[in-house]
Amino acid sequence: MDLWKSFELLFFFHVVICSPGPLVDVVVDRYDIPKVCPREVQTEDFIRYHFNGTFYEDGKKFDSSHDRGKAFISQVGLGRLITGMDRGLQGMCVNERRRITIPPHLAYGSIGTGGIIPPDAVLVYDVLLLDIWSSEDKVQIRTLSKPAGCRRTAAAADYVRYHYNGTLLSGEAFDSSYSKNSTYDTYLGQGDLIKGLDEGLLGMCVGERRIIIIPPFLAYGEKGHGTMIPPQATLVFEVLLVDVFNPKDDLIVEVKEVPTVCTRRTVAGDYIRYHYNGTFQDGTPFDSSYQRNSTYNTYVGMGYVIRGMDKALQGLCMGEKRRITIPPHMAYGEDGVGDLIPGSAVLVFDIHVIDFHNPKDAVEIKVTHKPQECNLTSEADDLLQYRYNCSLMDGTLLYSSDQFDSPSVTTLGANKVILGLEEGLEGMCVGEKREVVIPPHWAHGENGAGVVPRSAVLLFELELVELQKGVPEGYMFVWLGDTPDPLFDAMDLNQDKEVPLEEFSSFIRLQVKEGKGRLRPGVDAESIIKDMFDHQDQNRDGKIVENELNVKVEEDSKEMRRDEL
């Protein structure tokens with residue numbers, strides 16, 4: 001019989017007109033009928049019910065299942081009950097209450113029984129029907145809701161996690177996983193569940209809700225279970241499937257988005273930074289790097305993350321997005337993680353690769369534009385003016401010289417910028433443009449700096465605006481050829497045997513103009529020349545004479561070519 005077919009409830013009243021004659025048939029008073037009656041008692045059905053039995057004549061009670069604390073179980077219409085009860089129970093609904101009045105000839109007749117029921121007694125039974133089933137019954141399944149997408153259904157040998165509310169057919173609750181705040185976890189088809197539930201869970205999708213009605217012989221049968229499930233009880237489970245997997249499952253990887261250009265993919269030993277949202281199969285979130293506003297950073301293939309993630313992080317491009325489904329035996333197993341991840345949970349990660357690198361990576365330089373004439377290139381000690389954009393590999397702009405009024409300035413080799421940028425600026429022509437990828441060990445390392453995240457790979461877009469050839473660290477002036485010999489005579493422009501500051505300054509500027517010498521770029525020339533003059537003016541009388549210069553030459557020996565003069 002279809003338990004879900006709607007029935008129109010009819011109230012049947014047997015109207016008895018008092019007359020001098022005896023009661024000739026069963027009288028049924030249906031004084032409490034449930035609003036919904038999916039099934040009525042028929043011949044050969046098994047039923048479980050409570051009753052109070054009284055005599056019609058004086059109302060005295062002769063029997064009661066309530067008093068015994070145990071419902072009565074029997075089969076209807078096959079003579080296992082007195083004839084009047086067999087008739088009076090027909091058409092009854094679960095949770096219906098009836099008063100059945102039975103004349104003697106349909107009860108215990110003119111003999112009575114056992115000294116309890118006297119001869120010719122009219123009996124009255126107040127009955128509450130608790131359960132109906134038939135030997136032909138099967139597991140009844142009603143789907144309450146089902147997700148739009150169902151990639152996989154539960155099958156024999158799968159491991160499932162589900163929530164449930166368990167009630168008897170009368171609606172009386174006997175158990176609930178929700179009250180324990182924990183799913184019920186088990187294998188299907190291995191005999192770990194009652195047969196009806198093993199069958200009723202098959203074919204379910206994660207997120208699906210079902211009502212499963214199980215007849216007693218596919219549940220706990222004649223023995224019942226504990227104090228809450230009586231013998232021969234039909235069980236009703238409202239089930240929500242939370243998780244399903246098979247011990248033989250491997251990773252499931254869905255590529256959601258791949259960049260147009262992918263020149264390199266992750267391999268074991270790489271260090272990766274990625275964002276993720278972590279959920280269970282039913283969509284319940286358990287963790288997110290986005291909420292912390294910080295990527296998850298780790299080495300690939302070296303055991304620093306769960307085995308499934310370690311495997312899934314290989315073969316990725318920068319900027320790629322993937323959904324990774326990891327079975328529990330490749331995640332946190334039967335133990336889970338505290339209150340965060342239940343035991344035997346399948347984990348779903350939606351990841352977005354921000355960047356990755358290898359600790360052995362060098363700086364990558366790509367020339368995007370080079371002028372036709374490139375005779376002078378940058379090298380150590382040169383003073384450079386350059387424009388730049390500094391971004392993360394996902395395109396997030398961190399810094400830009402456009403934020404300032406003028407290009408950035410640095411001296412190559414002076415350790416004023418990160419090492420990777422030093423290398424990226426070396427060998428450039430004025431007007432040249434480059435893209436420079438700098439791994440973190442050439443940039444800001446594991447700690448990051450300012451808005452630069454920890455262990456971030458940086459992308460610099462560079463343009464060299466101006467190049468001034470420099471002098472070595474520690475020097476203010478260098479000769480670009482041989483030093484004039486004799487040096488003092490060359491300095492003494494008016495040949496008066498003494499060189500004041502003005503004359504000294506004119507001499508130095510002349511050397512720079514003629515390309516014979518070079519002042520340190522980026523520093524005020526007058527200040528440099530004054531410092532050089534003071535260094536030579538031993539007696540501080542405001543002029544340099546030949547013997548002062550000779551003494552200085554002897555002190556500096558071979559360093560004269562690269563000293564302050």
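Student: Which residues of H10 are buried?

Tutor: They are Ile528, Ile529, Met532, Phe533 and Gln536. These residues lie on the same side of H10, because they cover an arc of only 135 degrees around the axis. The arc is that of the directions from the helix axis to the C-beta atoms. Buried means under 20% relative accessible area, exposed over 50%, and partly exposed in between (1.4 Å probe, protein chains only). As for ground rules, this is a predicted model, where local features need pLDDT of at least 70, side-chain atom pairs count only at pLDDT 80 or more, and totals for chains, interfaces and linings use all residues. Residues are numbered from 1 along each chain as its sequence is written, and side-chain values use heavy atoms, with hydrogens and water left out.

Student: Why do residues three or four places apart in an α-helix point the same way?

Tutor: An α-helix has 3.6 residues a turn, so such residues face the same way.

Student: What makes a stretch count as a helix or a strand?

Tutor: Both are DSSP runs, numbered from the N terminus: helices (H or I) need at least four residues, strands (E) at least two.

Student: What makes Glu320 and Arg265 a salt bridge?

Tutor: The rule asks for a side-chain nitrogen of Lys or Arg within 4 Å of a carboxyl oxygen of Asp or Glu. Here the N to O distance is 3.6 Å, and the pair qualifies. Glu320 sits in the loop between helix H6 (307-312) and strand S17 (321-326), and Arg265 in the loop between S13 and S14, so the bridge ties together parts 55 residues apart in sequence.

Student: Is Glu320 buried or exposed, and why?

Tutor: Buried, because its relative accessible area is 1%. Arg265 has 41% and therefore counts as partly exposed.

Student: Why does the pair Arg387 and Glu463 count as a salt bridge?

Tutor: Their N to O distance is 3.8 Å, which meets the rule. The pair links distant parts of the chain, with Arg387 in strand S20 and Glu463 in strand S24, 76 residues apart. Arg387 is partly exposed at 37%, and Glu463 is partly exposed at 25%.

Student: How many salt bridges does the rule give?

Tutor: The count comes to 36.

Student: What makes Val253, Val255 and Val258 a nonpolar surface patch?

Tutor: Patch members have over 30% relative accessible area and no salt bridge; nonpolar side chains (Val, Leu, Ile, Met, Phe, Trp, Tyr) are joined within 5 Å, like charges within 9 Å. The three valines make a patch of about 210 Å². Areas come from the Shrake-Rupley method with a 1.4 Å probe; for residues, only the protein chains shown count as cover. Val258 has 40% relative accessibility and is therefore partly exposed. Its place is the loop between strand S13 (252-257) and strand S14 (271-280).

Student: Which residues does Pro359 touch, leaving out those up to four places away in sequence?

Tutor: Pro359 touches Gly269, Tyr299 and His441. Contact means heavy atoms within 4.5 Å. Pro359 lies in the loop between strand S18 (347-357) and strand S19 (364-369), and its 41% makes it partly exposed.

Student: Which kind of peptide bond, cis or trans, joins Asp485 and Pro486?

Tutor: The bond is cis, with omega about 0 degrees. Pro486 is in the loop between strand S25 (477-479) and helix H8 (487-491).
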